[in-house]
Amino acid sequence: MAKIKPWPIVALILVLTAALGATLYYTREASIMGTPSLCSDPNNISSHIYNPARLQTVKNCITVSGIVNDVIAEDDGDYHVWFHIDPQYTNLPNGANNDYRQGDLLAEIICSTTVTQQDAVLACDNYSNQIPLPNKNQNITVTGPYVLDSIHGWMEVHPVYSLIIS
């Protein structure tokens with residue numbers, strides 16, 4: 001009777017273990033960073049940011065979820081959606097988020113309301129945002145650039161590329 005050599009079985013186990021590990025890693029990263037399809041800049045939204053120099057990009061794209069605490073219309077035509085993040089994202093808010101909004105993160109939906117701030121009018125010219133506006137206490141998942149607003153000092157998702165209400 002022929003003896004079976006163990007190395008093909010060991011090699012197969014190693015390959016399957018590596019494949020499983022890679023799948024788990026990339027699935028986790030996609031849940032944190034967003035999937036490539038969600039992380040594309042739909043309709044070139046970023047080109048309509050008012051005063052973009054104030055935003056310092058920390059990550060080109062993240063996906064984060066939580067519960068809406070407040071929705072505020074701003075004079076520059078944007079909506080500030082302040083939301084309490086789900087536990088797995090506790091590393092995203094900074095001291096200013098903690099001090100100003102009790103740890104809430106800001107999702108900024110740009111060019112979604114009437115612009116009354118004169119120096120912001122041009123940024124929203126010929127652009128109509130299609131991002132849905134959530135209500136207080138709704139569960140949301142937002143995707144977009146993770147940035148530091150250098151004027152206010154807090155962290156935000158700005159602009160929101162995708163917002164899902166669940």
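This is a predicted model: local features need pLDDT of at least 70, side-chain atom pairs count only at pLDDT 80 or more; totals for chains, interfaces and linings use all residues.
**Start with the whole chain.** A disulfide is a covalent bond between the sulfur atoms of two cysteines. How many disulfides does a search of the whole structure find? The search finds two. Count the bonded cysteines along the chain, and the pattern reads 1-2, 3-4.

**Select Cys-39 and Cys-61.** These two cysteines form a disulfide. Their sulfur atoms sit 2.1 Å apart. Where in the chain is each partner? Cys-39 lies in the loop between helix H1 (7-33) and strand E1 (55-73). Cys-61 lies in strand E1 itself. The pair is 22 residues apart and links distant parts of the chain.

Now look along the S-S bond of Cys-39 and Cys-61. The angle about that bond is -85°, and the link is left-handed.

**Stay on Cys-61.** Is this residue buried or exposed? Its relative accessibility is 8%. Buried means under 20%, so Cys-61 counts as buried.

**Move on to Cys-111 and Cys-124.** Here is the other sulfur pair to show. Cys-111 and Cys-124 form a disulfide, with 2.1 Å between their sulfur atoms. Cys-111 is in the loop between strand E3 (105-109) and helix H3 (121-124). Cys-124 is in helix H3. This pair, 13 residues apart, also links distant parts of the chain.

Check the handedness of this bond. The torsion about the S-S bond of Cys-111 and Cys-124 is about -85°, so the disulfide is left-handed.

**Finish with a surface view.** Select Cys-111, then Cys-124. Are they buried or exposed? Cys-111 is buried, and Cys-124 is buried too.

Definitions and conventions:
Residues are numbered from 1 along each chain as its sequence is written. Side-chain values use heavy atoms; hydrogens and water are left out. A disulfide is a pair of cysteine sulfur atoms within 2.5 Å. Helices (H or I, at least four residues) and strands (E, at least two) are DSSP runs, numbered from the N terminus. Buried means under 20% relative accessible area, exposed over 50%, partly exposed in between (1.4 Å probe, protein chains only).
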